[in-house]
Each structure stands twice: as C-alpha cells, then as structure tokens.
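Here's a quick briefing to read with the viewer open. Take a look at the model first, then go through the notes below.

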Amino acid sequence: MTTTTDARPSSRGHSVLVVPVPELEAYVVDRTRHYDDSFVSADPGFVHAHITVLAPFLPRPTSSDLERVAKIAQAAAPWTYGLADVEMSAGGNLHLAPEPAAPFAALTAELYAAFPQCPPYEGRFEPVPHLTVDHVAGGADLESTRTSLAPFLPARCRADRISLQWYANHDCHVIAEWPLGG
C-alpha cells in the first residue's frame, strides 16, 4: 500500500475506491476541465479516468479499514479489459462499459461485503461498472462523444491497482493505493 496522506477534512468532499484507467486520462481531464476545473487534481498520482468500485467510501478510513482494502486488493489478480463503445444510461450519463465487467463487479461486491456501511452509490441504484466520459446535461450527445473519443478507442487497458481517492473542489488527491495481486 502507498499512502500519501491520512488527515483530510471530512466536512467537504468524499472518498472513492476506484480502478484507475490511465489510457483515457487525457480525455477525462479535458472533460473535467470543461465542466469544473476545480476538480482537476494537482496530485501527479491522481488518475481522473477511473472505474468506481465503491463510492462513497468512508470519510476517514482507519488503518484497519485500509488493511481490509489491502487484503481484498491482494486477493484479486490484475486483468486486462477493453473499452470500445460509448453508451448512455437512462440518466444521460455517457460512459464506456469495460469488457469483461465481471472482475469490477466482483471487487464492488467484495468491498461492499467488507464495508456494509458503504452501499454502492448510497443504494440509489445498482452498481454497473463503467467509465464516465461525459453527460448530456453538459450539451454532449452520444454521437458527438463517440466522435471525440474515436482516437482513443478501442482501448486495451490493464486493471492493476485500487486507488482510494478524495474528491473535493481544489483538493482531489490520492489517499492510498494497493496493487492487485499483492
């Protein structure tokens, strides 16, 4: 495990467990900057492009909590997956679905079992593995997003770690990371 900080305010922002997707980082940073550049991180280890495996996570995880995440990461072997086509959810979220999705879903299930006080997406909807790339509320649509992502797709990616990230205006950063498979 790599820890970069362990004392951040919990009154603003939230923590998230993600699998970073550096292959799409340039695109996602550009879209993040388009909507709200206060969420563009200055932390060089922070990867904006990610597939969420549990969010929101604990506002102030303890060393015992971090050890539980480390054990789950160690038990999961790294894997290769693809991202090929932009899809749109019923709520207008434009995203890429990983193939295979099962290893991401398995990580979510294991993390939720270990942290039952952290239901995925606060229990508002079923977790479906995806990489968010845009939203129709910002004026994007399926075709324009497919066109703008064409130079990046299809992408062959490698899930190699879980990253605990903090999201807050002007304070997005990595809290800790664990390699998959130990």
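Which residues in α3 are buried? They are Phe104, Leu107, Thr108, Leu111 and Ala114, where buried means under 20% relative accessible area, exposed over 50%, and partly exposed in between (1.4 Å probe, protein chains only). These residues cover an arc of only 130° around the axis, which puts them on the same side of α3; the arc is that of the directions from the helix axis to the C-beta atoms.

Before going on, note that this is a predicted model, in which local features need pLDDT of at least 70 and side-chain atom pairs count only at pLDDT 80 or more, while totals for chains, interfaces and linings use all residues. Residues are numbered from 1 along each chain as its sequence is written, and side-chain values use heavy atoms, with hydrogens and water left out.

**Confidence**

- The mean pLDDT of the chain is 92, with 94% of its residues at 70 or more; pLDDT is the predictor's confidence in each residue, from 0 to 100.
- Residues 4-11 are the stretch to treat separately: pLDDT stays under 50 there, and the model has 13 contacts beyond four places in sequence for them. Contact means heavy atoms within 4.5 Å.

- Helices (H or I, at least four residues) and strands (E, at least two) are DSSP runs, numbered from the N terminus.
- An α-helix has 3.6 residues a turn, so residues three or four places apart point the same way.
- Ala102 and Ala113, on the other side of α3, are exposed.
- What do the buried residues of α3 pack against? Their partners are β2 (14-20), β3 (50-54), α2 (63-75), β4 (79-83) and β9 (161-167).
- β2 and β3 pair in the antiparallel sense over four bridges, and Val18 stands opposite Thr52 in β3. Two strands count as paired if DSSP finds at least two bridges between them.

**The three-stranded sheet**

- β5, β6 and β7 make an open sheet, in that order, with antiparallel pairing. The edge strands are β5 (86-88) and β7 (131-135), each pairing on one side only.
- The twist averages 35° from one strand to the next. Axes are lines fitted to C-alpha atoms, for helices over the stretch in contact, and angles run from 0 to 180 degrees between N-to-C directions.
- Three bridges join β5 to β6 (residues 93-96); Val86 stands opposite Leu96, and Glu87 opposite His95.
- β5 and β6 form a hairpin with four residues between them, and Gly92 in the turn has a positive phi of about 95°.
- On to β7: four bridges link β6 and β7, and His95 has Thr132 as its bridge partner there.
- Asn93 and His95 point one way from β6, Leu94 and Leu96 the other way, and all are buried.
- Helix α4 (residues 142-149) packs on the sheet, touching β5, β6 and β7, and its direction makes about 160° with that of β5.

- The peptide bond from Ala55 to Pro56 is cis, with omega near -10°; Pro56 sits in the loop between β3 and α2.
- Glu99 and Pro100 are also joined by a cis peptide bond, with omega about 5°, and Pro100 lies in the loop between β6 and α3.
- Glu122 isn't a glycine, yet has a positive phi of about 55°. Glu122 lies in the loop between α3 and β7 and is exposed, with a relative accessible area of 52%.
- His170 has a positive phi too, near 60°; His170 is in the loop between β9 and β10 and is exposed at 71% relative accessible area.

- Val174 is in strand β10 (residues 173-179) and counts as buried at 4% relative accessibility. Val174 and Ser15 are 159 residues apart in sequence and 9.4 Å apart in space, C-alpha to C-alpha.
- Ala84 lies in the loop between β4 and β5 and counts as exposed at 52% relative accessibility. Leaving aside neighbours within four places in sequence, Ala84 is in contact with Leu153 and Pro154.
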